[in-house]
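User: I am new to this structure. Please show me how to read its features.

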Amino acid sequence: MIRFATIGTNWITEAFIRAAKQVPSFHLQAVYSRQKETADAFAEKTGATQTFTNLHELAASDDIDAVYIASPNAFHAEQAIVLMNHGKHVICEKPLASNVKEVEAMIETARKNDVVLMEAMKTTCLPNFQAIQHHLSKIGRIRRYVASYCQYSSRYDAFKQGTIANAFHPAFSSGALMDLGVYCLYPLVVLFGEPKSIQAHSVRLSSGVDGEGSIILDYGEMDAVVMYSKIANSYTPAEIQGEEGTIVIDTIHTPTRVHIHYRDGRIEDISVPQPHEPMYYEALEFMTLIERGEKESTINSHARSLATMKIMEEARKQTGIVFPADERFV
């Protein structure tokens, strides 16, 4: 059994636990929260046997093998580094950190301590994303990638009334690019690597974070267009356009229906079954690495996490979005 602790007591942590419990080697040992009442309530809800309110005590515990981090983005690097310095394996929610310096420090710490560090990007671990990779050659020379993740935030109405939640506060390294745009960019990096250059635009909110934005990425013989928003909805599927056909993906963040529309009019359904909850596949990948004694995912690799963060950091520089985390170095 791999004994897990979790950091974060929100819906995404519940979703991870529910999915991870389908992996036979998963055991939820503990939950962490700064408030004991919150930790106790979450432990009772999820079935954890221990609670922690001190990060260093959690890191030093001999009862914990691995930790899932789902705290606000600004805390990822500091928490992960403390845990990895105590020999804990870490799977950390996307985005992996606030900026490139933090990601580099996390990777260095993982390697120094010989532990697994993996970004919890569910998309690229899903069977239907792997189906896209398998069938990519069928569409000929690829000319464009288009993806959007635009979802009106449940906290935006309160924001407009003057209440700034974590999701719209720069102190937490949040905003549309960090929270949603990453879902468009990480699959792009997995499929096509780093771009030659980018052009970014965003709509900045009064708090200083972006409410929505777009990035055009230059790959030489192809380009990519990604769009993201927390202040409007979109219902547009993602596409990978080739000279012989186009792959149409229902949603880039959780692809379930994938078709190839060939230039001659044929349509091929390349979707595959995904019988488990979406987060199961990232949990399985992470736990398999630990069981095999491997230190890095070949899917959500360190290099891909770093490349994605480089794009996001450059986009923030171009659009004037600055986080307090940018002024510190872990």
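User: By class, how many nonpolar, polar and charged residues does the lining of the second largest pocket have?

Analyst: Ala, Val, Leu, Ile, Met, Phe, Trp, Tyr, Cys and Pro count as nonpolar, Asp, Glu, Lys and Arg as charged, and the others, including Gly, as polar. Here the lining has six nonpolar, seven polar and one charged residues. This is a predicted model: local features need pLDDT of at least 70, side-chain atom pairs pLDDT 80 or more, while totals for chains, interfaces and linings use all residues. Residues are numbered from 1 along each chain as its sequence is written, and side-chain values use heavy atoms, without hydrogens and water.

User: Which residues lie nearest the centre of the second largest pocket?

Analyst: A pocket is an open set of points on a 1 Å grid over the protein atoms alone, where a 1.4 Å probe fits, with protein on both sides within 12 Å along at least five of seven lines; lining residues have an atom within 4 Å of a point. Of 14 lining residues, Cys-150, Ser-234, Tyr-235, Thr-251 and His-253 lie nearest the centre.

User: How many residues line the largest pocket?

Analyst: The lining has 48 residues, with Asn-10, Trp-11, Ile-12, Ala-70 and Ser-71 nearest the centre. They divide into 21 nonpolar, 17 polar and 10 charged.

User: Which residues of helix 1 meet helix 9?

Analyst: Helices are DSSP runs (H or I, at least four residues), numbered from the N terminus. Contact means heavy atoms within 4.5 Å. Ile-12, Ala-15, Phe-16, Ala-19 and Ala-20 of helix 1 meet Met-279, Tyr-280, Glu-282, Ala-283 and Met-287 of helix 9. By class, this contact has nine nonpolar, no polar and one charged residues.

Technical notes
Helices (H or I, at least four residues) and strands (E, at least two) are DSSP runs, numbered from the N terminus.
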